[in-house]
Amino acid sequence: MTADGAAVAAQPRGAPDGAFPVQVCEARVPAATTRLAVGGMALPTLPASVRRIAILGDTGCRIVARALQDCNDPAAWPFPAIAKAAAAKRPDLVIHLGDYYYREGACPVGRAGCAGSPHGDNWPTWKADLFDPAAPLLAAAPWVVVRGNHEACRRGGTGWFRLLDPYPARPDCVDRTEPYRLSIGGLELLLFDGSDADDFLAPPDKVAAYGEQFARLLANAPPHAWLLTHKPVWAMAQAELSGLAMNQTEQAAIRSHVPDTLDLVLAGHLHDFISYEFGPERPAQLIVGTGGDKLLPLGSSPIAGAEFDGMTVRQGFASARFGYLIMERDAAGWDGTLYAPDGAVIVRCRLAERTIGCR
């Protein structure tokens, strides 16, 4: 590996085994690196100013006993098309909001739509769910990755820690990792691992642990910071749970730690596109969970007027269509466009400080 022409030592990250018969290596270089290569192959680097971001989440193909997707059908699982289309937009940065691993069970015998699919927390599955379909987007720009609940220890935790976790390799799996801050390309991103946060309960031990993490992460947060966490802090459940407020654990943990400098909470988890604006008293909440996994039917409860943890939503928007979000920066804020896999425009949004409007 070379960074700006200088050799960089790569370190092994674990050793090949039965589940992951591949050697993973990692190397750390400054964020300001302008030329990066591995084995002579050029890799994307960050520009000095990030102006265009591709955002997506919940991208894997679901195969479990009670819910099946036809991974071999591009219409049923469009993540390969989404990744290719997002790469063509030439983003400076990609943000993946978590839930990469979905092929937890075997495809039923006789079901052609997912026939031949690997399953389980292993390299063939991660390759099929993420690395093969995302190849064009991985080559287009650096990625920031958020841990989702599908990467919890009881599900895809082994693959997460082997392949994506940003901390030094560890021999075990843990349910919570330390939050961290990225100051890159003029962005202030606050990364939070809420993969184990209960949606509809607030266990005191988890609230206390997450509260301590939020306090550290959000103290002295710079102006116009974004909080990235897989599970939305303030949202309504969809489908059969429509109208229930979530995430109860994160809401209780963050309640006394939200700084005035935090503009946006960016999340996935719900398999729809949803925006919530609360006014100047609370950061906007944006959910982008439309990257490929089965979509959720939108609930019947109106978004505007809904109340979360003592504050009312001023305006909101929801869409249940597959797609990816492109955010483009100007002097006053960000323009967002949600694109369908075929390039059709689904939604246009405008984010300026804590104000977000989508149509």
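1. Helices (H or I, at least four residues) and strands (E, at least two) are in this note DSSP runs, numbered from the N terminus. The model is a predicted one, in which local features need pLDDT of at least 70 and side-chain atom pairs count only at pLDDT 80 or more, while totals for chains, interfaces and linings use all residues. Residues are numbered from 1 along each chain as its sequence is written, and side-chain values use heavy atoms, with hydrogens and water left out.

2. Some backbone angles deserve a look, given that most residues other than glycine have a negative phi, and most peptide bonds are trans. Arg90, which is not a glycine, has a positive phi of about 55 degrees, and its place is in the loop between α1 (79–88) and β10 (93–96). Arg90 is exposed, with a relative accessible area of 67%; here buried means under 20% relative accessible area, exposed over 50%, and partly exposed in between (1.4 Å probe, protein chains only). Asp309, in the loop between β20 (307–308) and β21 (311–312), also has a positive phi, near 50 degrees, and this residue is partly exposed, with a relative accessible area of 31%.

3. The peptide bond from Met246 to Asn247 is cis, with omega near 0 degrees. Asn247 sits in the loop between β16 (245–246) and α6 (248–254).

4. On strand pairing, the rule is that two strands pair if DSSP finds at least two bridges between them. Strand β24 (residues 333–339) runs antiparallel to β25 and is joined to it by 6 bridges, with Thr337 standing opposite Arg348 in β25. The two strands form a hairpin with 5 residues between them, and Gly343 in the turn has a positive phi of about 95 degrees.

5. β25 is also joined to β26 by 4 bridges, again in an antiparallel arrangement, and Cys349 stands opposite Cys358 in β26. The hairpin of β25 and β26 has 2 residues between the strands, and Glu353 takes a positive phi near 55 degrees there.

6. Where does Arg354 lie? Arg354 is found in the loop between β25 (345–352) and β26 (355–358), and it is buried, with a relative accessible area of 7%. The side chain of Arg354 reaches the backbone oxygen of Leu262 at 2.8 Å; a polar contact is a pair of N or O atoms within 3.5 Å, where within protein one must be able to donate a hydrogen and the other to accept it, and residues adjacent in sequence count only if both atoms are side-chain atoms. The C-alpha atoms of Arg354 and Thr261 are separated by 9.4 Å, although these residues are 93 apart along the chain.

7. In a regular strand the side chains alternate between the two faces of the sheet. Strand β14 (residues 225–228) is covered on both faces, with Ala225 and Leu227 buried on one side and Trp226 and Leu228 buried on the other. The chain crosses from β13 through helix α5 (residues 204–218) to β14 in a right-handed β-α-β crossover, a term that applies if, with the strands pointing away from the viewer, the path from the first strand over the helix to the second runs clockwise.

8. β14 has parallel partners: 3 bridges join strand β13 (residues 187–191) to β14, and 4 bridges join β14 to strand β17 (residues 262–267). Leu228 in β14 is the bridge partner of Leu191, and Leu266 in β17 is the bridge partner of Leu228.

9. The largest pocket has a volume of about 1800 Å³, a volume being the space filled by probe spheres set on the points, with grid points joined across faces, edges and corners. Its lining has 39 residues, of which Ala27, Leu36, Leu43, Pro142 and Trp143 lie nearest the centre, and divides into 32 nonpolar, 3 polar and 4 charged. In this scheme Ala, Val, Leu, Ile, Met, Phe, Trp, Tyr, Cys and Pro count as nonpolar, Asp, Glu, Lys and Arg as charged, and the others, Gly among them, as polar.

10. The second largest pocket holds about 750 Å³ of space. Arg62, Arg66, Asn149, Asp199 and His269 lie nearest its centre among 31 lining residues, which divide into 12 nonpolar, 6 polar and 13 charged.

Technical notes: On a 1 Å grid over the protein atoms alone, a cavity is a set of points where a 1.4 Å probe fits but cannot get out, and a pocket is an open set with protein on both sides within 12 Å along at least five of seven lines; lining residues have an atom within 4 Å of a point.
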